Amino acid sequence: MKLQQLFIAVLLSAVVFNVKAQSEKAPGVVVDHIPASTKTYIGSPGICILPNGSYVASHDFFGPATTEHQRALTAVFKSTDKGKSWSKISEIKGQFWSNLFVHRDTLYIMGTWKHHGNLIIRRSLDDGKSWSDPTDSKNGLLREGEYHTAPMPVISHNGRLWRAVENAKSNTDEWGKRYSAMVFSVPENADLMNAANWTASNYLPYDSTYLDGNFGGWIEGNAVVTPHGKIVDILRVATSEKGRDLAAVVNISDDGKTASFDPKTGFMDFIGGSKKFTIRYDEKSKRYWTIANMITDEFKNRDGGSVRNTLVLESSPDLRNWTVHTILLHHPDVKKHGFQYIDWQFEGKNIIFLSRTAYDDGLGGAHNFHDANYLTFHRIKNFRKLEKKEIRH
């Protein structure tokens, strides 16, 4: 434990020095910036790599000055120079909490049409400049109702695509308690725009008895293939225990129709589990990787979901035992600084990622750690070599 704490302290001091050297300039490449005074905040970073090597990125808008509760808005950006510069190429009216992905050389975006809205998917045939309209069940309106999600992965396994979602229809509007875990899947060779081709699992509701009564809810699940070839939904967990990071592992049947959970074995300690995280598998290293928010010792007395000032790279051989390799970004202040809702992709020896970043901007900074004023792009070079520096948690 002392070695682990020393490792973290050394990394933190190096990152803090780097932050000061930037004279409070936001780290990374700025893709978009919205001053907090507009009462409009940057949410839901999404990124993917097109077949021609260009990057496409997206984010939605939330906050009191937006239409997130009526008909949400998502902005789409493109980079043709490996993320060095970005240009806005489109806006999508009626798109929220969405991820970008490429399937059979075609670009898609999947999410909801507003805050707790219908589940939808759109297709672009011109690399994100224009998008289809989810007018009905044959053209991208997958399910009507109240759904919650984030920019979560669409993965391929056993001839199907898999995507985790939360059903938000409940007899309560209380955050956490209204969300039920579930997974959607579709045959890889099917028309993704046709709702009839998508299979939905049953959904597992909030249960107040979980974690000895300390369970606050689960959201933003990842569809992941286990080392044994099974699909699981790994979710962010809210708990009333201060400073604790947990994730939940929900089992999904091979046909995608049944979700099940054992509260005795289904929860795991997971650094960053109280915030949104994305898990992807790397065939070359035979490890699962994620970028997540670590709670350092000085903030263990705070609610885990409110600590987003330290971003780390983690990996695991088995989805249960995780290693922190390095601290990627850090700021000593937790009230108005955050690097969060990371979406990322492998690119050869590197990882590229987007951050919903709350940071100083010379205009008063972010409204708070949560209400981000920046979308920033970053690259982790030679990420597999970071295994040499691993400290196990």
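Me: Which residue of strand 3 is the bridge partner of Tyr41?
Reply: That's Phe62. By the way, this is a predicted model, where local features need pLDDT of at least 70, side-chain atom pairs count only at pLDDT 80 or more, and totals for chains, interfaces and linings use all residues. Residues are numbered from 1 along each chain as its sequence is written, and side-chain values use heavy atoms, with hydrogens and water left out.

Me: What makes strand 2 and strand 3 a pair?
Reply: Two strands pair if DSSP finds at least two bridges between them, and strands themselves are DSSP runs of E, at least two residues long, numbered from the N terminus. Strand 2 and strand 3 (residues 55-62) are joined by 7 bridges, so they count as paired, and they run antiparallel.

Me: Why are strand 2 and strand 5 said to stand at the edges?
Reply: The open sheet has 4 strands in the order 2-3-4-5, with antiparallel pairing. Strand 2 (41-49) and strand 5 (87-93) each have a single partner strand, so one side of each has no neighbour in the sheet.

Me: How do you know that strand 9 and strand 11 pair?
Reply: Strand 9 and strand 11 (residues 160-167) share 2 bridges, in the antiparallel sense. The rule asks for at least two, so they qualify. Tyr147, for instance, has Asn167 as its bridge partner in strand 11.
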